[in-house]
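Try each task before you read its solution.

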Amino acid sequence: TDPDAFIVADAQTETGRIGVRLNEMKRKLQSMDKEMFQLQYQEKEAQVSAMQAQINPHFIYNTLDNIYCMAHLEETQPIISLSDHLSQMMRYSLSMKQKIVPLSYELEHIKSYITILNIRFEDKIELVDEIDEELLSYPVLKLSLQPLAENAWKHGLSFGDGGVITISASIMGDRLELYMDNTGPEVPESLCQEINKKLEAVHYG
């Protein structure tokens with residue numbers, strides 16, 4: 001059947017009006033067919049994207065494992081450490097089965113991050129962990145500490161010869177408070193006041 005063939009109908013007659021209705025029905029069916037095809041196409045695309053999202057991390061993990069093994073054979077310690085810690089960070093970051101994790105998991109993630117920075121920047125950063133052991137099981141939001149560590153490095157220590165990043169924690173009522181300090185230049189008081197004003201203007205909820 002030719003999809004572009006329609007009944008030549010005269011809407012002034014009863015038979016013609018039936019023809020007009022049949023033409024309208026045919027156009028609607030063709031439109032529905034196109035929409036159905038588009039939906040099926042989008043569904044297939046989503047399935048392929050999902051498969052790629054699963055394949056790509058595994059490919060990267062395997063590649064890092066290969067680099068790790070090759071570095072062992074060549075006894076290249078910096079590459080051994082780099083590939084090992086990068087693999088750990090990726091496995092932790094890309095596995096989103098848990099959004100809330102023990103604080104100890106976050107600390108291990110930060111230690112891997114700092115280790116990688118030290119390989120690149122010749123051990124310029126010292127990480128000091130002052131968190132009491134009994135707080136390590138407290139639940140925290142996954143990947144919440146890495147942005148703080150990145151800021152401590154980028155805006156605190158990267159301008160000079162490195163320094164010390166100190167992580168500490170305390171319990172205030174029913175709340176766990178985390179602190180990350182660094183020995184880099186202090187933020188000017190005027191900028192602190194400006195930031196605080198902006199934060200006070202934010203309405204939550």
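**Exercise 1.** Decide whether E126 is buried, partly exposed or exposed.

*Solution.* Start with the cut-offs: buried means under 20% relative accessible area, exposed over 50%, and partly exposed in between (1.4 Å probe, protein chains only). E126 has 45% relative accessibility, so E126 counts as partly exposed. Finally, list its contacts (heavy atoms within 4.5 Å). E126 touches G163, V164 and I165, not counting residues up to four places away in sequence.

This is a predicted model: local features need pLDDT of at least 70, side-chain atom pairs count only at pLDDT 80 or more, and totals for chains, interfaces and linings use all residues. Residues are numbered from 1 along each chain as its sequence is written, and side-chain values use heavy atoms, without hydrogens and water.

**Exercise 2.** Work out how α3 and α4 are oriented to each other.

*Solution.* Take the axes, which are lines fitted to C-alpha atoms over the stretch in contact, with angles from 0 to 180 degrees between N-to-C directions. The axes of α3 and α4 come within 10 Å and cross at roughly 30 degrees. Angles under 35 degrees count as roughly parallel, over 145 as roughly antiparallel, 65 to 115 as roughly perpendicular and the rest as oblique. Therefore α3 and α4 are roughly parallel to each other. Now find the contact: H109, I110, Y113 and L117 in α3 meet Q146, A149, E150 and W153 in α4.

Notes: Helix = DSSP H or I, 4+ residues; strand = E, 2+ residues; numbered from the N terminus.
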